[in-house]
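Please read the points below alongside the sequence and the structure.

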Amino acid sequence: MSHQTMVKYDWQSGSRNPWIICCLLQVLPRQTCGLFTHTIFYKQYPGGPEELDRSIQGGELFFTLLFNPVSIFMTHLSNYGNDRLGLYTFEGLLKFVRCWTRLRVQTLPPLAVAEKYFQLFPAERKPLWQNPCDDKRHWEIWSKENSCDRLPQLIIIGPQKTGTTALHAFLSLHPALTPSLPSESSFEEVQFFNGNNYYKGIDWYMDFFPVSSNTSSKLRFEKTANYFEAEAAPERAAALLPRARLIAVITSPTDRAYSWYQHQRAHGDPTALNHTFLEVVSAGPEGSSALQALQHRCLNPGLFSTHVQRWLQYYPATQVSPRSQ
């Protein structure tokens, strides 16, 4: 697919934000400007040609280009060759921009534009998946199989060794609740918001939630105990599932730490087998890396106040339900 990148320089904005960037593919524009994948002609534009011209001349398409640091118009090459409405749209848009703004359009390769963007917004090098249903233009183009009805409304966030597996099992018995499908690597836990699975994207996550024959009465949920202490998990979860209810199971931190220690012994962890529980939790910085790691796994999830406060930065207290055991 051929492509061209347009970079707009805003000479009025000075040093605060000298770059406004638009990445444009040289093919027919799609949903953002109302030109879909089928061939469409000027007089057949939905709402009439006047609607398209309004979007170009100070309407939605113009403001999309003006206010977004980067706008990418994904399109189909074959349709671009079948008619000239895409060419009309962007020629008209650029003429309007030149007439009514002081933006000057130049060209750069896509990788150069990407590098400039991440210089401006370094925090965005790591993705943060937003809820696609928050933007009408996003959910309209999704297939029914990937509708937002498949996202969970309830998450058991942990921590480990507090009875979350039992809670997951009990909730799974309820006829109105649908648990996530089991994972080949982590059993009943999806492990999405807390690690590298997050980079597999929303579709990968949604595949864990089956399509029900009666979706209106099925509340979907998942359980991943590592979410509780994972620093990135609250922000990621809130971005994708801002209205989800959360359950954190709270028990004695000492009991939880000892339970994890015994869990590791049962699984043959040599560090746990060769050290008593007291030696593990009281080890100083001179201890081996394996001992330090075991101590961290015993103690860190039990810092309940620290982790709950992190979740409350992204979720209102009314959506977080700590449950003591």
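1. T164 lies in helix 7, which spans residues 164-172; helices here are DSSP runs of H or I with at least four residues, strands are runs of E with at least two, and both are numbered from the N terminus. T164 is buried, with a relative accessible area of 3%, where buried means under 20%, exposed over 50% and partly exposed in between, for a 1.4 Å probe and protein chains only.

2. This is a predicted model, in which local features need pLDDT of at least 70 and side-chain atom pairs count only at pLDDT 80 or more, while totals for chains, interfaces and linings use all residues. Residues are numbered from 1 along each chain as its sequence is written, and side-chain values use heavy atoms, with hydrogens and water left out.

3. Setting aside neighbours within four places in sequence, T164 is in contact (heavy atoms within 4.5 Å) with I156, G158, P159, K223, A225 and V249.

4. G158, in turn, belongs to strand 7, residues 154-158, and is buried at 0% relative accessibility. Not counting residues up to four places away in sequence, G158 touches T164, T224, A225, F228, I247, A248 and V249. G158 and I247 are 89 residues apart in sequence, yet their C-alpha atoms are 7.5 Å apart in space.

5. In helix 13 (residues 289-299), the buried residues are L291, L294, Q295 and C298. They lie on the same side of helix 13 because they cover an arc of only 100° around the axis, the arc being that of the directions from the helix axis to the C-beta atoms. These buried residues pack against helix 10 (253-266), helix 11 (270-274) and helix 12 (277-281).
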